[in-house]
Amino acid sequence: MGHEEVLGVLHEPRREPESHHEPETHNEPRYASVMVDIAVDRVNRPFHYAIPDRLAGRIDIGTRVIAPFGNRTVYGYVIDLVEEPFSGDVKELIDIADDLCFLDRRMLDLARWMQDYYLCHVVEALRCMLPGGVRTHRVRPKFQQMVELAPALASASQAEVAASLESLGKTAPSQARVLKLLLAEKRAGGTMGSGVPKAELLRRGASAASIKALERKGLVIVGNVEIRRAPMDGRESGIGTSGTSRSFKLTREQASAVQIILDQFSALRGSGRRDREPRPVLLHGVTGSGKTEVYLQAIAHARELGRSAIVLVPEISLTPQMVERFCSRFGDDVAVLHSRLSMGERFDEWRRIRRGEAGIVIGARSAIFAPARDLGLIIIDEEHEASYKQDEAPRYDAREVARVRAKVEPAVLVLGSATPSIEAYHRAMTGEYTYARLPDRVSGRPLPAVHVIDLREELKAGNRTIFSRRLREAIADRLTRREQIILFLNRRGHSTFVLCRECGHVLRCPHCDVSLTYHAEDARMLCHYCDWEERVPEVCPRCGSIYIKYFGIGTERVEREVKSSFPGARVLRMDVDTTRRKGSHRRMLDGFRKGEYDILVGTQMIAKGLDFPGVTLVGVVTADTSLNLPDFRSGERTFQLLEQVAGRAGRGASPGEVIIQTYSPDHYSIRFAASHDYEGFYREEIKTREELVYPPFAHIIAMIVSSSDVSVAAGVAQELASALRARLKAGESSGRVFDVLGPAPCPLARIGGSYRWQVALKCPDALAANPIVRDAVSSVMKAKVPAPGRAGSGGGSGVSPGASFAVSINVDPASML
Ligand code: ADP
Ligand code: ZN
Ligand code: ZN
C-alpha cells in the first residue's frame, strides 16, 4: 500500500458535530450497523449484521465486534443499532471483541469529524481511540488467582476457627498451614484486599493440591481478580504519596484565572440545558507565573463536580516534574499515559480510565482520545508546541480534536502557554476564546535580562570562537560564583556540514536532500532524516583534495569547546544522542538539579517546563538555526523557543541573565524575545500573516506526492494542481477565496530515497474545501500517469513497474518542509 486516504464518503461532510444529550436507549434492536476495521475506500461504509440471541442486550453503539466479512473474519465498530436491515440477506455477528467498551456515541461523532476534516478513513480515527495493542488483541487484562477464606470461616469466632484448624491439622497438616497463612494475613489487615494471591501461597510453601482440597471442602474460595500492571516506578507514579501536596493560596491573578475557568463550568452544569456552550480559555502566563497551580485547582473543582479531566503535555517523558506534581496532589486518581509504557500497562491505564477508577488523565497527544467518563475539563499545556500535530495518518492536531471533543462532551477546554500559538492568541483576540493573563512570576522575580550579541561584530573584532566575549566572561563569572549555566543550541552533532575547501563539495546523504552532520565522538557522518551513516572520507570524493573541513555548530562541538575553554567545569550534554537509554533523561536532569554539574548543554529537549533554581545564566549559542527555515512559522518558532529557553534562568534567589548570540540581531523575533514582549511580537507577526494570507487567515491543505522517480512525483503533482484548479473554477463563483500553490519540490526535496513534490491549497474553511481535495486526489490516483518513456505506468498503489507514487494529505500542517 503506497498511497492513502482517498475516501468514498460515508456521511455527507458535516460541520463540527453539535453537542447532544439524547439518552442512549433502544428498543431491542435486532441489527447492528457496523464499520469494518479495514482502511480501504471500497469498504468505507456501514454494513448491517444481525445480532444473534446470545449477544442480545450486550451490544451498544461503540461496541467492537467480530464479524464475518467475505470469506474473512474481521473486527468492526458498531455505529448504530437498527430495527430493519438494508436488505433481507444479512449475516450474524460472531462475537463481541472486548469485555470493556471503549467507545461511545460522542467518540463516534468525533471520529466522523476527523474523517471529514483530516480526510482519513473513519476506522483510522477509531483506531486512535483504542489503546495500542487492544485493537489487535495482543494484550488482555491480567488476572491473578486469589485465595480467600470462605465467608463462614472468615466470620467465625477465634475459638471455632481454632477447633476446626486442630481437627484439620490431624488429617491434613498442609491444608491447615494454608488456612493459618490466610488467617494471619486477614488479622494483619492484609494489604492484598480480601485474600492472598495463589502464587504467593505457593511461594510460601503451600501446594496446589491442598488449596484445591480446601476449595472442595468449601473452606476457601479461589477467584480471578484483575490486577493492574503498575505503569511507573513508585517514585514517578506518586503511588502512596496521594494527597501529600497541598494547594497554594492563589495569587489574585491566579484566582481570577481559576474563576474564568469555573465560569465556563457553569455552562456544563445541568447538562440538559443548552443555552450556552463553554468557550475555550486561553491561559497566557509567563514561565513561572503559576499556570500549573491554576490547572491543579481547576481540576480539583471538576472532580468535586464529579467530572473527569484530561491534561495534555507536549511529551510526557520530558516533563517529569509536571507529572510528579499531579500525582502528589491527586495520587491514584491520576492515570499516566507515558510514551514508554508497555502495551499491557497502557491497556490497564485505559481500563482504569474507562471504568472511572482514575478521573485525571495526563498524557501526550494521543491521550486526547482517552475514554474518560463524564469528561468536564481538557487542559493543553504548552499549547504552542508542534508535537500536538501528528506526523503520520491520521494527521490530526490534538488541539483541534480537543476543541471538537469539548463541544461534543461538552467540556471546558483550557489552553495554557507562555507564548501562545498565533492561531490561539488570534482566537482570543477575536473573542472566540476567553482570555486569562498571568503577567508576572509568582515569586515576584523579574524575567531575566536578555542581551543580544551580534556575532558579525565578534568576527570583525577577530573572535573566531563559538563564544562571544560577553558570553565567555559570563560563563567564567558563574563558574567562580558556583552558579549553574545552561547553553542552548538547537542542533545536535559536532558540525552540521562537511565541506571540501578546495572544490566546495558538501557531503550529502545519498538518500536525502540534506547535508550530513559530523559526529566527532565516533567519527561518523549521520543523516538526521534517514539515519544513514558513513565514515568521514580521507580525501574529497569529488576532487581528491585532503582539505576536508567541518562547518556549522552542534551540541557536541559546544560541549568540546566548553571543556577546553573551562577545564574545571563539570559539563553535561543532553540531546537525542546522549539520552537514548531508558531513564537516562531523568537521571541527567536529577543530577543537574542536585548540582552535580555546572553547565548543561542541550537542544530544545532542555527548553521545556524545567525548573532549575540554581541556573542564573542561559546562553543561546546561535539563535539563527530556526530563523532561516523556509517556513511561514519560522519567526513564531524562533520567538517561542527563545522565550522558553530564557524562562529557565533566574528561577531561584539570584537574578538571571540570558545571552542570545545571533547573526540577525535586528530580526523582530529576536528583538521581541529580548524584551519579553509577546504582544509586540504578535502584532508584527499577524501583519505578515494577514498580508500573505497564511494561518490564521487561511487554512492550508498540503498534498505531498512522493515517488522514487522524480519525474513521476513532479508529473503527478502537476496533474493534482490542475485537477484542483479545474474544480475551484466552479467554486469561485460562490465568492470563496481559494489559492492553489505549486506544484513545487518540497524544501526537503528528497527523504529516504523518495522525491517529494508539494501542492498546497489555501482556503478559508478546511471542512468546506475537503470534498474538493478528496475528489481531485482520487481523480489523480485513478488516472494513468504517463511517465516519460514508460507510458501508462504509475497510478494508485503503484503496481506498475518503476513508477509508483503516494499522495499524502496534511490539513493544517505544522510546517511546510
Ligand atoms: P508555570 O506552570 O506557569 O511555569 P508553576 O505553576 O510551575 O508556573 O509555578 C511556578 C512556581 O511557583 C512553582 O514552584 C510553584 O510551586 C509556585 N507557585 C505557584 N502558585 C503559587 C502560589 N499561589 N503561591 C506560592 N507559590 C506558588
Ligand atoms: Zn573537493
Ligand atoms: Zn538521509
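Tutor: The accessible surface of the chain comes to about 35,200 Å² (Shrake-Rupley method, 1.4 Å probe). Carbon and sulfur atoms account for 50% of that surface. This is a predicted model: local features need pLDDT of at least 70, side-chain atom pairs count only at pLDDT 80 or more, and totals for chains, interfaces and linings use all residues. Residues are numbered from 1 along each chain as its sequence is written, chains are lettered from A and ligands numbered from 1 in the order written, and side-chain values use heavy atoms, without hydrogens or water.

Of the 817 residues in the chain, 56% are buried (under 20% relative accessible area; exposed is over 50%, partly exposed in between).

Now the metal. Four cysteines coordinate the zinc ion (ligand 2): Cys500, Cys503, Cys540 and Cys543. Each gives its SG atom, and the distances run from 2.3 to 2.4 Å (donors are N, O and S atoms within 2.8 Å of the metal, or 3.2 Å for Na, K and Ca). The site is tetrahedral (four donors, all angles between 85 and 135 degrees). Here the angles among the four donor atoms are 105 to 112 degrees. The ideal angle for four tetrahedral donors is 109.5 degrees.

Look next at the spacing. The donor residues follow the pattern C-x2-C-x36-C-x2-C in sequence. Cys500 is buried, with a relative accessible area of 2%. Cys503 is partly exposed, with a relative accessible area of 25%.

For the wider setting, turn to contacts (heavy atoms within 4.5 Å). Among contacts between residues at least 6 apart in sequence, 75% join residues at least 24 apart. Leaving aside neighbours within four places in sequence, Phe369 is in contact with Met107, Leu110, Met114, Cys128, Met129, Trp350, Tyr396, Val401 and Arg405.

Phe369 also belongs to the largest nonpolar core, a set of 125 residues (buried Ala, Val, Leu, Ile, Met, Phe, Trp, Tyr and Cys joined through side-chain atoms within 4.5 Å). Together with Met114, Leu720 and Leu761, Phe369 touches the most other members. Another core, of 34 residues, lies apart from that one, and includes Leu250, Val323, Val334 and Ile379.

Glu400 is buried, with a relative accessible area of 11%. Beyond neighbours within four places in sequence, Glu400 is in contact with Trp113, Tyr118 and Arg427.

Technical notes: Buried means under 20% relative accessible area, exposed over 50%, partly exposed in between (1.4 Å probe, protein chains only). Four donors count as tetrahedral if all angles lie between 85 and 135 degrees; four count as square planar and six as octahedral if opposite donors are over 155 degrees apart and all others between 65 and 115; anything else is irregular.
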